Amino acid sequence: MTSRLLTPRVFGRPVPVPLVAWLTLIWVMLWGSVSPLTLAGGVVAGALVVWLLPLPVLDPGIRLWPIAFVRFAAWFGLDLVTSTVRVVFWVLHPGPPPTGVVRAPLRTSSESMIMMVMVAVSTVPGSLVLEYLPERRELVLHLLGRRGDLDEIGRAEVAGLESRIVRAFGTSADREELG
């Protein structure tokens, strides 16, 4: 019932109300004033645009699993803090920090999940995705400020991050792919 309220059909074509509302907001912001005439014009323009130019239904392949999301967010927040402290330590420490380039394999084949892993790795201070090798399903990373076997550290961190992201945002098929 709510789907029909949010997407009524006009002359056989769907007109999604949330999209019309969004386009109305943009219309009002472009005009720079809120008035009944501006709002009405925005509604008419938005409805006309979505009716004349219907968008295809897209599934980005992302789901939200609340408990797994809370685990991911807590871990990611802690990782941001500890990584920042590590980078600050090496900035203040005399001499060059340990650095290295590492290849880390990915287990997921979902483009959405791979992109989220790449963004998350690059967001954490001291790590950066240099390249993604799709034919090998590998990330090439630059790590800064890590002591020990960088290959092992990089692979373990990417595998853990990938697992947490897929558990928090992946479809059921993505989650099964990790095992």
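User: What makes R137 stand out in the hairpin of β4 and β5?

Analyst: In this predicted model, the hairpin has four residues between its strands, and R137 takes a positive phi near 55° there. R137 is not a glycine, yet its phi is positive, at about 55°. As for its place, R137 is found in the loop between β4 and β5.

User: Why is R137 called partly exposed?

Analyst: Its relative accessibility is 29%. Buried would need a value under 20%, and exposed a value over 50%. The 29% of R137 lies in between, so R137 counts as partly exposed.

User: How do you know that β4 and β5 pair?

Analyst: Two strands pair if at least two bridges are found between them. β4 and β5 have six bridges, in the antiparallel sense, so they count as a pair. One example is L128, whose bridge partner in β5 is H142.

User: What makes β3 and β5 a pair as well?

Analyst: Seven bridges join β3 and β5, again in the antiparallel sense, and at least two are needed. So β3 and β5 pass that test too. Here G100 stands opposite L143 in β5, while V101 stands opposite H142 in β5. In general, strands of a sheet pair through backbone hydrogen bonds, either parallel or antiparallel.

User: In what order do the three strands of the open sheet lie?

Analyst: The order is β3-β5-β4, with antiparallel pairing.

User: Why are β3 and β4 called edge strands?

Analyst: β3 (99-105) and β4 (127-133) are called edge strands because each pairs on one side only. From one strand to the next, the twist averages 25°.

User: Which strands does helix α5 lie across?

Analyst: Helix α5, residues 111-123, lies across β4 and β5 and runs at about 150° to β4. α6 packs on the sheet too, touching β3 and β5, and its direction makes about 45° with that of β3.

User: Why is β5 described as largely enclosed by the rest of the structure?

Analyst: The cut-off for buried is under 20% relative accessible area. Five of the seven residues of β5 are buried, so β5 is largely enclosed.

User: What makes up the lining of the largest pocket?

Analyst: The lining residues are T7, P14, P16, L19, L23, V49, V50, L53, P54, L55 and V57. α2 (17-31) and α3 (36-52) each supply at least two residues of this lining. The space in this pocket is about 210 Å³.

User: How do you know which classes of residue line the largest pocket?

Analyst: Val, Leu and Pro count as nonpolar, while Asp, Glu, Lys and Arg count as charged. By these classes the lining divides into ten nonpolar residues, one polar and no charged.

User: How many residues line the second largest pocket, and which lie nearest its centre?

Analyst: The lining has 17 residues, and D79, V124, S127, R146 and E157 lie nearest the centre. α4 (66-92), β5 (138-144) and α6 (150-169) are the elements that give two or more residues to it. About 170 Å³ of space lies in this second largest pocket.

User: What makes up its lining by class?

Analyst: The lining of the second largest pocket has nine nonpolar, four polar and four charged residues. D79, R146 and E157 are in that lining, and Asp, Arg and Glu count as charged, so these residues belong to the charged class.

Technical notes
Residues numbered from 1 in each chain as written. Predicted model: local features only at pLDDT ≥ 70, side-chain atom pairs only at ≥ 80, totals over all residues. Heavy atoms only, no water. 1 Å grid on protein atoms, 1.4 Å probe; cavity = no way out; pocket = protein on both sides within 12 Å on 5 of 7 lines; lining within 4 Å. Points joined across faces, edges and corners; volume = space filled by probe spheres on them. Axes fitted to C-alpha atoms, helices over the stretch in contact; angles between N-to-C directions. Contact = heavy atoms within 4.5 Å. Buried < 20%, exposed > 50% of the residue type's maximum accessible area, 1.4 Å probe, protein only.
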